[in-house]
Amino acid sequence: MSELTIIVVGGGAAGFFGAIAASETAPGAQVTLLEKGGQFLSKVRISGGGRCNVTHACFDVRDFSARYPRGSKELISPFHQFDARSTISWFKARGVELKTEADGRMFPVTDSSQTIIDCLVGTAQKNGVQMRTNSTVERIEKNQKGFRVLLFDGKALQADKLLLATGGCRSEALGSLATSLGHTLQPPVPSLFTFHIELPWLRALSGVSLPEVEIAIPGTSLRERGPLLITHWGLSGPAVLKLSAWGARELNRLNYQFTIELNWLPHLSVEAVRNELLKRIQTNGAKMVVNSPISPLTARFWEALVLSSGIAPETRWAGLSRAAQHHLSQTISRTQFHVTGKSLNKDEFVTCGGVRLDEVNLKTMESKISPGLYFAGELLDIDGITGGFNFQAAWTTGWIAGRSMALTSS
């Protein structure tokens with residue numbers, strides 16, 4: 001029987017995991033990894049501020065899968081095969097220890113994405129995976145032997161099994177290899193983006209972060225709680241990124257022009273906020289309102305919020321009218337901003353959309369349309385919220401695809 005040949009297109013997290021899993025499952029197979037760029041694992045390198053948020057410390061499969069706006073139900077079965085605990089064990093067995101931060105995100109103890117890159121590249125080399133950079137695939141032809149992969153430099157490679165792990169389809173053209181082999185794409189739209197808000201007093205607070213706010217989009221069911229960061233273009237941070245992920249398609253339909261409502265103190269009800277204001281009137285009457293922030297709001301943010309509600313800077317608590325009290329409590333609990341656009345981190349871009357999941361056998365990651373073809377990572381119509389979930393989907397689908405290719409006779 002001839003040697004099994006496997007080609008993996010895409011040198012990112014999913015592609016590497018697929019190539020490694022295949023080479024470990026079938027040590028005699030010839031596994032080739034093709035990356036169109038000049039370096040492997042570029043997204044791993046810059047993720048998490050250069051620390052690489054490998055996965056998330058959540059070990060209940062259904063709870064974990066609930067963090068995916070697209071693919072939540074479909075990922076339950078794959079996560080039963082390879083979950084966050086499996087990822088931790090996989091890296092530990094290869095000398096990489098992970099640590100858990102307070103919010104559940106997991107990073108290498110070195111706080112360096114290079115640790116993850118060295119592990120993946122080193123493991124692939126050890127297993128004999130042929131790794132090629134600057135290898136752009138022009139087209140793929142299905143033939144009796146499997147797949148003929150034609151590169152832009154004129155070279156042609158033959159594979160029994162083929163894994164497409166080319167990353168998110170920022171445009172439908174980037175999913176052309178999949179569509180050329182008979183697959184259809186859920187239209188790609190951005191996910192995990194920040195909000196543009198053209199309000200001078202807000203932008204003046206650039207760099208201010210709040211530990212927890214609640215953000216909602218009136219007229220929709222979209223609502224999230226979490227940390228918030230004010231930027232020079234508007235709002236960012238986990239609460240915004242999560243909201244953008246869940247609302248990716250709806251916000252795209254709105255052309256990224258919509259109203260958001262913020263509760264700056266979500267741990268307090270509207271009534272509790274009013275009582276807090278009355279308490280200050282009774283006990284701190286001589287103090288200026290702008291100088292008396294309600295915890296955990298910072299002094300700088302509180303001053304800007306008070307002034308934005310129309311209260312004069314010299315106003316003391318004792319002189320705060322009922323109308324001003326009402327307006328301030330509403331501002332604290334229900335500030336509304338108009339969003340005028342979005343910003344994307346071009347390097348950490350996450351896409352909503354990709355190869356339709358009903359066209360893939362998610363127990364093996366094999367195509368239902370083109371036998372011998374497999375998919376992994378963001379090319380699939382799967383995307384998670386921020387916090388290590390997109391990487392976990394890449395590890396899981398890559399591992400399953402790699403093993404499946406190696407275990408299935410050609």
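Rings of Phe, Tyr and Trp (its six-membered ring) pair if their centres lie within 6.5 Å. By that rule the structure holds 20 aromatic pairs. What you have open is a predicted model, where local features need pLDDT of at least 70, side-chain atom pairs count only at pLDDT 80 or more, and totals for chains, interfaces and linings use all residues. Residues are numbered from 1 along each chain as its sequence is written, and side-chain values use heavy atoms, with hydrogens and water left out.

Start by selecting Phe17, Phe82, Trp90, Phe91, Phe391, Trp395 and Trp399: ring pairs link them into a cluster.

Next, pick Arg51 and Phe107. The arginine lies over the face of the phenylalanine, 3.7 Å from the ring centre (the cut-offs: NZ of Lys or CZ of Arg within 6 Å of the ring centre and within 35 degrees of the ring normal).

Now go to Tyr256, in the loop between helix H10 (248-253) and strand S16 (258-263); helices (H or I, at least four residues) and strands (E, at least two) are DSSP runs, numbered from the N terminus. Lys342 lies over the face of Tyr256, at 4.2 Å from the ring centre. Check the backbone too: Tyr256 has a positive phi of about 60°, though it isn't a glycine.

Then show H11 (270-283) with H13 (322-334). Val270, Val273, Arg274, Leu277, Leu278 and Ile281 in H11 meet H13 residues including Gln325, Leu328 and Ile332 (contact means heavy atoms within 4.5 Å).

Last stop: Pro296, in the loop between H11 and helix H12 (299-308). The peptide bond from Ser295 to Pro296 is cis, with omega near 10°.

Terms used. Phe/Tyr/Trp six-rings, centres within 6.5 Å; stacked < 30°, edge-to-face > 60°.
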